[in-house]
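These questions follow a chain from its helix packing to single residues. Please look at the sequence and the model before reading the answers.

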Amino acid sequence: MARDRLIARRRALGYTQQSLAYRLRCERSTVARWEAGRSEVSAHHRGPLAEALQWSLTELDAALNGSSDLPRADQGWWSNFVTLEQAATSVRLWEPILVPGLLQTKAYAAALIGNEDGVQRRLDRQRMVTRPGNPVDLEAIIDESVLHRPIGGPEVLAHQLRHLATMAERPNVTIQVMPFTAPAQPANWGAFLILGFDWPGGLVYLEHTGGSHSLDSRHDVEAHAGTFDQIRALALSPRESVGLILSRAMELEG
């Protein structure tokens, strides 16, 4: 069975199998066998591997010998979610209220969060979108109301919208807007995010009035993927969306 926590940790820290192998002075195929569960990590490599992954030996042992299931929502879920988010190869998200965290500017995030540490953590998470070599494929759909909600004031919002348009130019980023003219949305279309990986499985992160939680069953992932497809079909095209975003930015700039 694949050692998903080991794979997730490597990707979260920006290592490829090859670059991790280079640091450990072993073959890439050796790292691949560890991650696939086809061989054990030798005593010679356990210390350097734990150091490279910024784990204690106890944490490394837990990753190597524990369950291969993706971490569930009741197992320190936020820490697990952030690690898995950084390991994702794709992110699909629907946000009806705010600009998604992965696309927020510093000023917009500061207006929402209000403390420097929280803002910096959010900015650190965004590196997955722009990291060289293997940036995550991001598909983001936002409601048109997001373009009018004055988070931080007109200047902050205008800069944020310009940032969205710039990010949409990246080949790995697609941004669409659900227009006011779209049919009424079902009440259960609250904000959600779907993570995809280069191994079987996925993870859904949900936000609702009572808080937030994550789901990792195949049924839940497939159900939310279907909902995302419905939302995408009703949204403006990427080109039309960027045009609307820029038009709104110009209105704010006066």
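**Helix packing and selected residues**

Q: What are α2 and α4 to each other: roughly parallel, roughly antiparallel, roughly perpendicular or oblique?
A: In this predicted model, helix α2 (residues 17–24) packs on helix α4 (residues 43–52) at an angle of about 125°, and their axes are 10 Å apart. Axes are lines fitted to C-alpha atoms over the stretch in contact, with angles from 0 to 180 degrees between N-to-C directions. Angles under 35 degrees are roughly parallel, over 145 roughly antiparallel, 65 to 115 roughly perpendicular, and the rest oblique. The two helices, α2 and α4, are therefore oblique to each other.

Q: Which residues of α4 make the contact with α2?
A: The crossing of α2 over α4 is right-handed (near helix turned clockwise from the far one by less than a right angle). On the α2 side, the contact (heavy atoms within 4.5 Å) uses L20, R23 and L24. On the α4 side, the residues are H45, P48, L49, E51 and A52.

Q: What is the average pLDDT of the protein?
A: Residues are numbered from 1 along each chain as its sequence is written, and side-chain values use heavy atoms without hydrogens or water. Over residues 67–77 the pLDDT is below 50. Of the residues, 89% score at least 70, and the average is 85.

Q: How many strands are there in the protein?
A: Helices are DSSP runs of H or I with at least four residues, and strands are runs of E with at least two, both numbered from the N terminus. The helices number twelve, and the strands six.

Q: Is R25 buried or exposed?
A: R25 sits in the loop between α2 and α3. Although R25 is not a glycine, its phi is positive, about 60°. Buried means under 20% relative accessible area, exposed over 50% and partly exposed in between (1.4 Å probe, protein chains only). With a relative accessibility of 80%, R25 therefore counts as exposed.

Q: Which helices do the buried residues of α3 pack against?
A: In helix α3 (residues 28–36), the buried residues are T30, V31, A32, W34 and E35. Just after this helix, G37 has a positive phi of about 75°. The buried residues of α3 pack against α1 (4–12), α2 and α4.

Q: How far apart in space are Q104 and R122, C-alpha to C-alpha?
A: Q104 belongs to the loop between β1 (90–95) and α7 (106–113), and it counts as buried because its relative accessibility is 3%. Leaving out residues up to four places away in sequence, Q104 touches V99, A109, L112, R122, L123, Q126, Q160 and H163. Q104 and R122 are 18 residues apart in sequence, and their C-alpha atoms are separated by 8.4 Å.

Q: Which residues of α8 make the contact with α7?
A: The axes of α7 and helix α8 (residues 116–125) cross at roughly 135° and come within 9 Å. That crossing is right-handed. From α7, the contact takes K106, A109, A110, L112 and I113. From α8, it takes G118, V119, R122 and L123.

Key:
pLDDT is the predictor's confidence in each residue, from 0 to 100.
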